[in-house]
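Q: Please take a close look at one part of this model, the contacts made by its aromatic and charged side chains. Which residues take part, and where do they lie?

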Amino acid sequence: MELTEPTVWSTDRLELGEGLRWVDDRLVLVDLLAGRLLEADGDAPGPLRELRRLDVPLGAVAPVAGRRGGWLAAAGTGVTLLPAAGDPRPVADLVGDAPEPTRMNDAVADRHGRFWAGSMTYAALPGEGTLYLLTPGAAPVPAVTGLTIPNGPAFDATGTTMYLADTPRGEVDRFSVDPGTGALHGREPFLRLSPADGGPDGMTVDAAGHLWVALWGGSAVRRYRPDGTLDREIRLPATQPAGICLGGPDLRRLFIGTARVGLDAAGPADGALLAVDVPVPGLPAAYATAPDAS
């Protein structure tokens, strides 16, 4: 089936649908504040299936290399390993001792097996968010500080370019990444959006090197060229698109997680998983290297 317009892909309505990944021929996503890890098929709409339920917020997961069904998760105040069977195993507590109540938010693995995870205060205090880098065999380090609500990051095919959003500020910055160490260099502004556009939230890079951005509060997803100019916009029937990925059999199906949290009157598609087909395929999901603490 060809989806020429955004299509509701499930009867479920999520509080905060985030962290979308296409892994092992299925879509994986989270209902963040509810701590739920979910999956869906990519060839036809259907109900979401629950894989895990945690008692803390679950920001996003990355598949673990060599451990089918295992996930590295940004959850609660740190990073946790979710094995295919058995209890979660803590890897690192990153923000448990923060002066303000703080939780993990979006996260992703890069092409070199490293895990990048962002934190934010529950009150979304300006400057109190951080992007952390977890490299196997090394202690976690704060890679970017002074953020408010970090989302992404998103990496290009080589893993040497990283995009990072700060949603309430309407900013997406671009970094050069050292492939050997993960060190960030050359931070530069990539997008500066007005409040009327919505805030940049979930992001993904496609096979042509263009950046797709979900616009929280903007009822749209946009594709930007590497020079930062707008290529196209897809209007959506949901107000708060949050997480996106390209998946399906040929990686040309754009899946969009949306949210109903904070809306005074949620519409019929708010909180729905949406899907629409696009011309250019995405990139395969990156796998995290198994952490030493596992």
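A: Rings of Phe, Tyr and Trp (its six-membered ring) are said to pair if their centres lie within 6.5 Å; planes under 30 degrees apart count as stacked, over 60 as edge-to-face, and the rest as tilted. The model is predicted: local features need pLDDT of at least 70 and side-chain atom pairs count only at pLDDT 80 or more, whereas totals for chains, interfaces and linings use all residues. Residues are numbered from 1 along each chain as its sequence is written, and side-chain values use heavy atoms, with hydrogens and water left out.

There are 4 aromatic pairs in the structure. In one of them, the ring centres of tryptophan 9 and phenylalanine 255 are 6.0 Å apart with the planes at 70°, so this pair is edge-to-face. It joins distant parts of the chain, 246 residues apart: tryptophan 9 belongs to the loop between strand S1 (7–8) and strand S2 (17–23), and phenylalanine 255 to strand S23 (residues 253–258). Helices (H or I, at least four residues) and strands (E, at least two) are DSSP runs, numbered from the N terminus. Trp9 and Phe255 also form one aromatic cluster together with Trp22. Burial is judged by relative accessible area: buried means under 20%, exposed over 50%, and partly exposed in between (1.4 Å probe, protein chains only). Tryptophan 9 is buried at 0% relative accessibility, and phenylalanine 255 is buried with a relative accessible area of 0%.

Tyrosine 163 and phenylalanine 190 make an edge-to-face aromatic pair, with 4.9 Å from centre to centre and 65° between the planes. Because tyrosine 163 is in strand S15 (residues 161–166) and phenylalanine 190 in strand S17 (residues 184–192), this pair ties together parts that are 27 residues apart in sequence. Tyrosine 163 is buried at 4% relative accessible area, as is phenylalanine 190 at 10%.

A ring can also meet a charge, which sits over it if NZ of Lys or CZ of Arg is within 6 Å of the ring centre and within 35 degrees of the ring normal. Here the charged end of arginine 103 sits over the ring of tyrosine 122, 6.0 Å from its centre.

Charged side chains also pair with one another. A salt bridge is a side-chain nitrogen of Lys or Arg within 4 Å of a carboxyl oxygen of Asp or Glu. The count by this rule is 22 salt bridges. One of them joins glutamate 50 to arginine 36, with the closest N and O atoms 2.8 Å apart. This pair links distant parts of the chain, 14 residues apart, with glutamate 50 in strand S5 (residues 49–53) and arginine 36 in strand S4 (residues 36–40). Glutamate 50 is partly exposed at 37% relative accessibility, whereas arginine 36 is buried at 18%.

Another salt bridge brings together arginine 222 and glutamate 233 (2.7 Å, N to O). Strand S20 (residues 220–224) holds arginine 222 and strand S21 (residues 230–235) holds glutamate 233; the pair links distant parts of the chain, 11 residues apart. Arginine 222 is buried at 12% relative accessibility, and glutamate 233 is partly exposed at 33%. Glutamate 233 also forms a salt bridge with arginine 235, where the closest N and O atoms are 3.5 Å apart. Arginine 235 is partly exposed, its relative accessible area being 48%. Elsewhere, salt bridges link Arg26, Glu39, Asp41 and Arg49 in a network.
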